[in-house]
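Please keep the sequence and the 3D view open while reading.

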Amino acid sequence: RLQPLVLGIESSCDETGVGIVRGTTLLTNTVSSSMDEHVRFGGVIPEIASRAHLDAFVPTLRQALSDAGVDLEDIDAIAVTSGPGLAGALMVGVCAAKALAVATGKPLYAINHLVAHVGVGLLDGQSPAGKDSASDRSAATHGAVAPRLPDNLGALLVSGGHTEILKINRITDDVELLGSTIDDAAGEAYDKVARILGLGYPGGPAIDRLAREGNPKAIRFPRGLTQPKYMGTAEEPGKHRYDWSFSGVKTAVARCVEQFEARGEDVPVADIAAAFQEAVVDVITSKAVLACRENGITDVLLGGGVAANSRLRELTGQRCASAGIRLYVPPLDLCTDNGAMVAALGSQLVMAGIGPSGIRFAPDSSMP
Ligand code: KG4
Ligand code: ZN
């Protein structure tokens, strides 16, 4: 029996994405971004993003079908991000998907963007930790193949809106939250610290690059919620044993910059970037590995925009290896927002025999 051919549509933020998968095989991942139009505002402007999706959708769809060598009639199912995200931006993708579903008579699946970020790790040929060259997809395909839904599967989701460690009982409908940030998401902290350091927007990639020139040990920034009163013990866990807080490290960076300026000294921007990144990545990975060990998780999917971060990929790889945990790291282009992840999760739903969503659902910008 042929594996389902699934078309995925993503429009929750600034990326218009159309991806096509066959079962767990990626056929194409076509993305058009409106980020260039948002840069001068220092953040994504919802109205501009929505209009850009309108312009980009049909060309992106055409490109994806042609790259995959697929006719619309051959598609078995359509999947679309229905939340969370920017309401107007989501609306464009959802309306486009409904129109396609009605016009072609294909079943439509509403997809949670966050679950899709980690579900992308179930596509064939995910790179094991460390092999993170985006251009070298062939190297990735020689790595370990993510097992089809192993029993003890977890996910570390690190994006601009979320930082979560999840236990995945069934990726289709049973995902348990073990821990999360209690304030800023990690990507948000990267973006805010980049602004403090004058690095522009979006900040994550800029800090990632600059940190390579800095000394991560030059300054020690705080690791939030690691004090014994929050951690407790394995037997008697504290309230925030698996939770993170990133607002403290952001404030510490701001204070550090002020101190250099008050003394009339040059601000060591690269050292601060490296030390900030080390603090964030250290606490993300140490708590994620702890949560996995104490909850019997043996296989972990890494996902979300910050999963593109070179130090996070490296340290998660090292610490999971030491703990005997198998880690699946998507190539860079599948970490940031894209349609392939939506198709990948849609395909899991089809293969699990779960019914389509119909066309009456509404986008939900604050979907949990
Ligand atoms: O998942 P995503 O594309 O959008 C959300 O759903 O939030 O994540 C975007 C976030 C932004 O905060 C961006 O700064 C961050 O991911 N990001 C990075 C890197 N690339 C993107 N953060 C750190 N290092 C990177 N290389
Ligand atoms: Zn995202």
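This is a predicted model: local features need pLDDT of at least 70, side-chain atom pairs count only at pLDDT 80 or more; totals for chains, interfaces and linings use all residues.

Setting aside residues up to four places away in sequence, V80 touches I9, G93, V94, A97, L108, A110, I111 and V342.

As a general background, nonpolar side chains tend to be buried together in soluble globular proteins.

## A291 in helix α10

A291 is found in helix α10. Is A291 buried or exposed? With 21 other C-beta atoms within 10 Å, A291 counts as buried, since the cut-off for that class is 20 or more.

Leaving aside neighbours within four places in sequence, A291 is in contact with I165, L178, G179 and Y242. A291 and T226 are 65 residues apart in sequence, while their C-alpha atoms are 13 Å apart in space.

Strand β7 (residues 153-158) is largely enclosed by the rest of the structure, because 6 of its 6 residues are buried. In a regular strand the side chains alternate between the two faces of the sheet. In β7, L153, A155 and L157 point one way, whereas G154, L156 and V158 point the other way, and all of them are buried.

With strand β10 (residues 299-303), β7 runs parallel and is joined by 5 bridges; within this pairing, L156 stands opposite L302. With strand β8 (residues 163-170), β7 pairs in the antiparallel sense, again over 5 bridges, and here the bridge partner of A155 is L166.

## How the two domains meet

The domain assignment divides the protein chain into domain 1 (5-123 + 336-351) and domain 2 (128-329), and the C-alpha centres of these domains lie 26 Å apart. In the contact between them, 15 residues of domain 1 meet 18 residues of domain 2.

On the side of domain 1 that touches domain 2, the elements giving two or more residues are α4 (113-119) and α13 (339-351), and the largest share, 5 residues, comes from α4. By class, the residues on this side of domain 1 divide into 8 nonpolar, 7 polar and no charged.

## The shell around ligand 1

Which residues come nearest to ligand 1? Of the 19 residues around ligand 1, these are G160, G187, G204, G305 and N309. The elements that give two or more residues to the shell are α6 (186-196) and α7 (203-211), and α7 gives the most, with 4 residues.

The shell around ligand 1 is made up of 6 nonpolar, 10 polar and 3 charged residues.

How values were computed
Residues are numbered from 1 along each chain as its sequence is written. Chains are lettered from A and ligands numbered from 1 in the order in which they are written. A residue is near a molecule or strand if its C-beta atom, placed from the backbone, lies within 6 Å of it. Ala, Val, Leu, Ile, Met, Phe, Trp, Tyr, Cys and Pro count as nonpolar, Asp, Glu, Lys and Arg as charged, and the others, Gly among them, as polar. A residue is buried if 20 or more other C-beta atoms lie within 10 Å of its own, exposed if 12 or fewer, and partly exposed in between; C-beta atoms are placed from the backbone. Two strands pair if DSSP finds at least two bridges between them. Domain bounds come from an automatic or database domain assignment. Two residues are in contact if their C-beta atoms, placed from the backbone, lie within 7 Å.
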